[in-house]
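Trainee: I have the model open. Can we go through its strands and helices together?

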Amino acid sequence: MIFPCELKRGGTVLLAAPSSPLAPDQPVESIAEAVERLGFRVVIGASCTARPSACGYTVPPRVRAEDINRGFADPAIDAVWCVRGGEAAWQILPWLDYSRMAAHPKPFIGFSDITTLHLAIQQRCGLVTFHGPTANQVLKWDEEGFSWQSLQAALHMGRCLAIENPPDEPVKVLRPGKACGILTGGNLSLVTQTMGMPEQIDARGKILYLEDVGEEVYALERMLNQLLRGGVLESAEGLVFGAFTKCPNHAREDYGPEELLRELFGCWPRPVLYNLRSAHCRPMVTLPMGAMCGIDGGAGTMTVYR
């Protein structure tokens, strides 16, 4: 896998909106100012300001894709930072220039719906990308906060990096054991959506990370069983589950996401961790997706390597 160059203070960041348009209360100008306060120069992509198409709720896919292509092609731009998640990143996949990305590796940052792009870039380019906070999150934390420190640690990692939760948020062990493989995955709904697509997730011999938000427990069970029956989970060397934020069980309040995971994976033959705080939670851990990763299901630890 290819690690991008470090994003240093003073570097230029392209803000792009490959998924949903920005909310009215989060104008891109405010996001740009917040990112500048972190020490970066900012270029605002056309996808952040273009109007949705006449027949849809998103900016046209070609406009969104061209922002990403431009970010990787322009030598004056040092990183591409997605401003938010949402929906419809999958629409831009046919128009992405993967050869350009592979030739000019740069940090690419985001989560949630951006999972679709992490998986495609990893598979097509062999490029390490960063499952980290979207740029609109900068409006809600400062450079002394955990989310910023975790993002910085991932962007500037040396030969190895211990992936650690925020204080008082322990990583839980569902199954013991040790495993090693390339780190892949992201949002469970988006990973499941890739089934049957050219960009279908490939978890063979890898460490698979999954999280979600706003899904009822029955929906989580349905998606996990789809990945089980599709052979995706069976092929992974180890499983790491994140936070399942606002995922209720209205039929039975004492049976939530953790109970579901324990039932499905309590006898799993390989190591399984739970409650890694990366994605729809605050503060947030940044994960270098595509990096080599080792997990220890006895100690509840996770480390990524160059």
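This is a predicted model: local features need pLDDT of at least 70, side-chain atom pairs count only at pLDDT 80 or more; totals for chains, interfaces and linings use all residues.

Trainee: Over how many bridges do β13 and β14 pair?

Mentor: Strands here are DSSP runs of E, at least two residues; helices are runs of H or I, at least four residues; both are numbered from the N terminus. Two strands pair if DSSP finds at least two bridges between them. β13 covers residues 292–296, and its pairing with β14 is antiparallel, over five bridges.

Trainee: Which residue of that hairpin takes a positive phi?

Mentor: Look at the turn. Four residues lie between strands β13 and β14. The positive phi, near 70°, belongs to G300.

Trainee: Which residue in β14 does L161 stand opposite?

Mentor: β14 spans residues 301–305 and runs antiparallel to β6, with three bridges joining them. L161 stands opposite V304.

Trainee: Which are the edge strands of the open sheet?

Mentor: The sheet has eight strands, with mixed pairing, in the order β6-β14-β13-β8-β9-β10-β11-β7. An edge strand here pairs on one side only. The edge strands are β6 and β7 (172–175).

Trainee: Do β8 and β9 run parallel or antiparallel?

Mentor: Five bridges join β8 (residues 178–187) to β9 (residues 207–213).

Trainee: At about what angle to β9 does α7 run?

Mentor: Helix α7 (residues 217–229) lies across β9 and β10 (238–245). Axes are lines fitted to C-alpha atoms, for helices over the stretch in contact (heavy atoms within 4.5 Å). Angles run from 0 to 180 degrees between N-to-C directions. For α7 against β9, the angle is about 155°.

Trainee: Why is α5 largely enclosed by the rest of the structure?

Mentor: Buried means under 20% relative accessible area, exposed over 50%, partly exposed in between (1.4 Å probe, protein chains only). Cover for the buried residues of α5 includes β3 (79–82), β4 (108–110) and β12. Helix α5 (residues 146–155) is largely enclosed because its buried residues number seven of the 10.

Trainee: Is R277 buried or exposed?

Mentor: R277 sits in the loop between β11 (272–276) and β12 (287–289). Among the residues R277 touches are N165, E169 and M284. Its relative accessible area is 18%, so R277 is buried.

Note on methods. Residues are numbered from 1 along each chain as its sequence is written. Side-chain values use heavy atoms; hydrogens and water are left out. Lists of a residue's contacts leave out its neighbours within four places in sequence.
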